[in-house]
Amino acid sequence: MNPKWWKECVVYQIYPISFMDSNGDGIGDLRGILSKLDYLQNLGVDVIWVCPIYKSPNHDNGYDISDYCDIMKEFGTMDDFDLLLREMHARGMKLMMDLVLNHTSHEHPWFVESRSSKDNPKRDYYIWRKGKNGGPPNNWESYFSGSVWEHDPQTDEYYLHLYSKYQPDLNWDNPVVIDKLHDMVQWWLKKGIDGFRFDAVAHLVKKEGYPDADNPGGTATVRAYDMFSNLDHVHTLLQNLYDKVLYFYDIMTVGETSGLGPEQALNYVGDGRRELNMTFQFEHMNLDAASPGSGRWDVVPWSLLELKRIITGWQTVLHNRGWNANYLCNHDQPRSVSRFGDDLYYRVPSAKMLATFVHMLEGTPYIYQGEELGMTNVAFESIDDYRDVETLNYYEEKRNQGVPEADIMKAIHLKSRDNARTPMQWDDSDQGGFTTGTPWIRVNANSQEINAANALKDPDSIFHYYKKLIELRKKHKVIVYGEYALHLEEHPEIYVYSRTLEEERLLVILNFFKGEPVFELPGEFVQEKLELLISNYAPVKGENLQELKLRPFEARVYLQRRK
Ligand code: TEU
Ligand code: CA
């Protein structure tokens, strides 16, 4: 079973700008995180993934880095960082940094030099091309709307940016750039950090020659993700990074890799690949999208059968060959309870059911800040209350296309990344206890009811349920290493899977909807031998497991010992 600490841990993701503000300027910061370490320790998580905290002009909340070896001034100082790392280690927690290797900020000194003239020695740090027929070099579309090319009048050439124009892509064909980035990664490792989440790492390599993508509709730009996602040479780059730098440290790594299935993911995480420990896959994030990528704004209903098919694929293909990173939410996605559960009447049971689902799968579970409280999506009436660059670009693009305001706002309410970025709800005071000042983005109106202080007081809260899930993981190896099998494959409402390790077997029963379907125990399980480990409902006395009626969003996990 090849045990590793990063398989046994639980990761908690912090989006620093929205986590806790220590000085009343309305912006979350490192001292804010420090003040909440006791809360996180109480929850029981052992790895904290902190989204980018490097110096940045903040056009994309830190994913636009202007100095890799400095701290964003709004977040604090390098001394604050060192203190935070020490305090985390003192509590037995580990720190995973979020590193953006695909692009920098347009304010990074490398880019400032690069754009200054065609013969600047740093010109080739980025991707510059001449225009074609009076327009950009090709028709690729940016993740954040419009062309991936931005014209720069200074030299009359275009630079490539897969994300916003404030995030020029680095040129990974340039060995000097690679060396500098390796040195920088090493610099952080020497500080003693414990891992990396490599942002957008699937996109480091672009298709040679930058050819136009097929464009049957003849639009100005087209989604051309296969031109810059998961190309072969990415693996050479990652293997070099591993062999030259990462190999020498006992760390955990996770790459953000959209656009692949489990077989392809093995190229990143397969045992013996010497690349990454795990990757974030997006197949299940595309379940409710009319088409992947930017088509994510066109929301369609998701189906449980599809979810089962996708997750079962990942669970079976990676078993004994790689490792999964399991999540339902992050800072780029809507809130999981609003999307896959019921954020009104059944908010508490459905949030617990979804937590059970994630934590009982094979792989490392990731909790996104506030998920442990059952925080929900937000629906600001006015676009003026939104802050996310992707959302604002989408709004503008659709307005220009003449799409009615109400339709645009409806999509934004469902899918905007700001759903996950409203401030953490700590208590029922003004601004949810996040800040004493004016928050950079409005607090969700439900903070009086949904907040950490209430959750801590209530033994039946979602928080305490998460805590118990984490405790169970530490107690039962089968939760970490057991082999997954799907049961009741065709059932449209219930998701049932088992996990088997030697003599022990888990049976995970999840009712994904508010109906009350009847569950029939699969033949290989013996009712008398099942011990209930956790459930989001009180047990029913004298119940016949052979055939039981599940309550809305009910989740149960049984342990069966076969000896
Ligand atoms: O996201 C990369 C990524 O895959 C996104 O394009 C994702 O599909 C999109 O955000 C969904 O709306 C990473 C970070 O997680 C994100 O916050 C950054 O904005 C982006 O990279 C650029 O660094
Ligand atoms: Ca602050």
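Buried means a relative accessible area under 20%, exposed means over 50%, and partly exposed lies in between, with a 1.4 Å probe applied to protein chains only. These legends describe a predicted model, in which local features need pLDDT of at least 70 and side-chain atom pairs count only at pLDDT 80 or more, while totals for chains, interfaces and linings use all residues. Residues are numbered from 1 along each chain as its sequence is written, chains are lettered from A and ligands numbered from 1 in the order in which they are written, and side-chain values use heavy atoms, with hydrogens and water left out.

**View 1. Protein donors of the calcium ion (ligand 2).** The donors, which are N, O and S atoms within 2.8 Å of a metal (3.2 Å for Na, K and Ca), are counted without water, so sites may look incomplete. For the calcium ion (ligand 2) they are Asp21 (OD), Asn23 (OD1), Asp25 (OD), Ile27 (O) and Asp29 (OD), lying 2.3 Å from the ion. Along the sequence these donor residues follow the spacing D-x1-N-x1-D-x1-I-x1-D. Aspartate 21 counts as buried because its relative accessibility is 4%, whereas aspartate 25, with a relative accessible area of 37%, is partly exposed.

**View 2. Packing of helix 12 against helix 13.** Two packed helices are described by the angle between their axes and the distance between the axes. Helices (H or I, at least four residues) and strands (E, at least two) are DSSP runs, numbered from the N terminus; axes are lines fitted to C-alpha atoms, for helices over the stretch in contact, and angles run from 0 to 180 degrees between N-to-C directions. Helix 12 (residues 389–400) packs on helix 13 (residues 405–415) at an angle of about 155°, the axes being 10 Å apart. Helix 12 is therefore roughly antiparallel to helix 13, given that angles under 35 degrees count as roughly parallel, over 145 as roughly antiparallel, 65 to 115 as roughly perpendicular and the rest as oblique. The crossing of the two is right-handed, a term used if the near helix is turned clockwise from the far one by less than a right angle, anticlockwise being left-handed. Contact, meaning heavy atoms within 4.5 Å, is made by Thr391, Tyr394, Tyr395, Lys398 and Arg399 of helix 12 together with Glu405, Ile408, Met409, Ala411 and Ile412 of helix 13. These residues divide into six nonpolar, one polar and three charged, where Ala, Val, Leu, Ile, Met, Phe, Trp, Tyr, Cys and Pro count as nonpolar, Asp, Glu, Lys and Arg as charged, and the others, Gly among them, as polar.

**View 3. Crossing of helix 8 and helix 9.** The axes of helix 8 (residues 262–269) and helix 9 (residues 304–318) come within 9 Å and cross at roughly 45°, and the two helices are therefore oblique to each other. Their crossing is right-handed. On the side of helix 8 the contact involves Pro262, Glu263, Ala265, Leu266 and Val269, and on the side of helix 9 it involves Gly313, Trp314, Val317 and Leu318. By class, this contact has seven nonpolar, one polar and one charged residues.

**View 4. Helix 11 alongside helix 15.** Helix 11 (residues 347–359) and helix 15 (residues 462–475) have axes that come within 10 Å and cross at roughly 20°, which means that helix 11 is roughly parallel to helix 15. The crossing is right-handed. From helix 11, Arg347, Val348, Ala351, Lys352, Ala355, Thr356 and His359 meet Ile462, Tyr465, Tyr466, Leu469, Ile470 and Arg473 of helix 15. The contact divides into eight nonpolar, two polar and three charged residues.

View 5. Leaving aside neighbours within four places in sequence, leucine 238 is in contact with Val201, Tyr268, Arg274, Glu275 and Leu276.

**View 6. Loop residues serine 145 and glutamine 431.** Serine 145 has a positive phi of about 80° although it is not a glycine, and lies in the loop between strand 6 (128–129) and strand 7 (149–152). Serine 145 is partly exposed, with a relative accessible area of 21%. Tyrosine 143, placed in the loop between strand 6 and strand 7, is buried at 16%. Glutamine 431, in the loop between helix 13 and helix 14 (452–457), has a positive phi of about 60° although it is not a glycine, and is partly exposed at 30%.
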